[in-house]
Amino acid sequence: MNVKNNKRRRESQEKIEKAFVSLLQTREIKEITVSDIIKMTGLNRSTFYANYIDIFDLADKTRERLENEFSNLFAQYDYFNERSGALKMFTHIQENQLFYKTYFKLCYDDKHLISVCDPRRVEKEQVGDNLKYHIEFFRNGLNAIIKLWLAGGCQESPAEMAQVLQQEYRGR
């Protein structure tokens, strides 16, 4: 029986997601087919459709899982103010480059990695007219720094990147 969250189903989902992430490294999402995935995994087409509606559903669920993992990793950190939080973030990014490259590739709706944490950090009542612009500027800037660092193969150390962030954000 294909009960939600049983071991066999989880293993199938992991195989499908792993194949999908692998294909994303060399292709655009619109070029990936269910046939490509089932060939790579050795699973049946019906197994794919028992778990996902289509490739875009797989992409959405993969992105949601990546967002949850990132959010959970930093739930206890105030990475905007603590150097240790920024260092932890950049260390995690360097150690999990494929994870983050995949996430950004799946953000076809221009979501930002850092925005997944913001709702818990800033109450809506606290966001004044100017603060909302500051938050948006910071999010976009930080995401751009992360993307640029990933594109360069994370050559700078996490400590150097935390320092870059601290220097850019100091006193603001």
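**Reading a helical model**

Read along its sequence, the protein follows the pattern α-α-α-α-α-α-α-α-α. The model is a predicted one.

Reader: How many helices and strands are there in the protein?
Author: There are nine helices and zero strands.

Reader: Why is Phe90 counted as buried?
Author: Buried means under 20% relative accessible area. Phe90 has 0% relative accessibility, so Phe90 counts as buried. Trp149 passes the test too, because its relative accessible area is 3%.

Reader: What makes Phe90 and Trp149 an aromatic pair, and which kind is it?
Author: Ring centres must lie within 6.5 Å to pair, and planes over 60 degrees apart count as edge-to-face. Phe90 and Trp149 are 5.4 Å centre to centre with 85 degrees between the planes, and the pair is edge-to-face. Phe90 lies in helix α5 (residues 83–95) and Trp149 in helix α8 (residues 129–151), so the pair ties together parts that are 59 residues apart in sequence.

Reader: Why is the pair of Phe99 and Tyr100 called edge-to-face?
Author: Their ring centres are 4.6 Å apart and their planes stand at 65 degrees, so the pair is edge-to-face, given the cut-off of over 60. Both Phe99 and Tyr100 are buried.

Reader: How do you describe the way α1 and α2 cross?
Author: Two packed helices are described by the angle between their axes and the distance between the axes. For α1 (residues 7–24) and α2 (residues 34–41), the axes come within 9 Å and cross at roughly 115 degrees. The contact includes Ile16 and Phe20 of α1, and Ile37 and Met40 of α2. Its residues divide into six nonpolar, two polar and two charged.

Key
Residues are numbered from 1 along each chain as its sequence is written. This is a predicted model: local features need pLDDT of at least 70, side-chain atom pairs count only at pLDDT 80 or more; totals for chains, interfaces and linings use all residues. Side-chain values use heavy atoms; hydrogens and water are left out. Axes are lines fitted to C-alpha atoms, for helices over the stretch in contact, and angles run from 0 to 180 degrees between N-to-C directions. Helices (H or I, at least four residues) and strands (E, at least two) are DSSP runs, numbered from the N terminus. Contact means heavy atoms within 4.5 Å. Ala, Val, Leu, Ile, Met, Phe, Trp, Tyr, Cys and Pro count as nonpolar, Asp, Glu, Lys and Arg as charged, and the others, Gly among them, as polar. Rings of Phe, Tyr and Trp (its six-membered ring) pair if their centres lie within 6.5 Å; planes under 30 degrees apart count as stacked, over 60 as edge-to-face and the rest as tilted. Buried means under 20% relative accessible area, exposed over 50%, partly exposed in between (1.4 Å probe, protein chains only).
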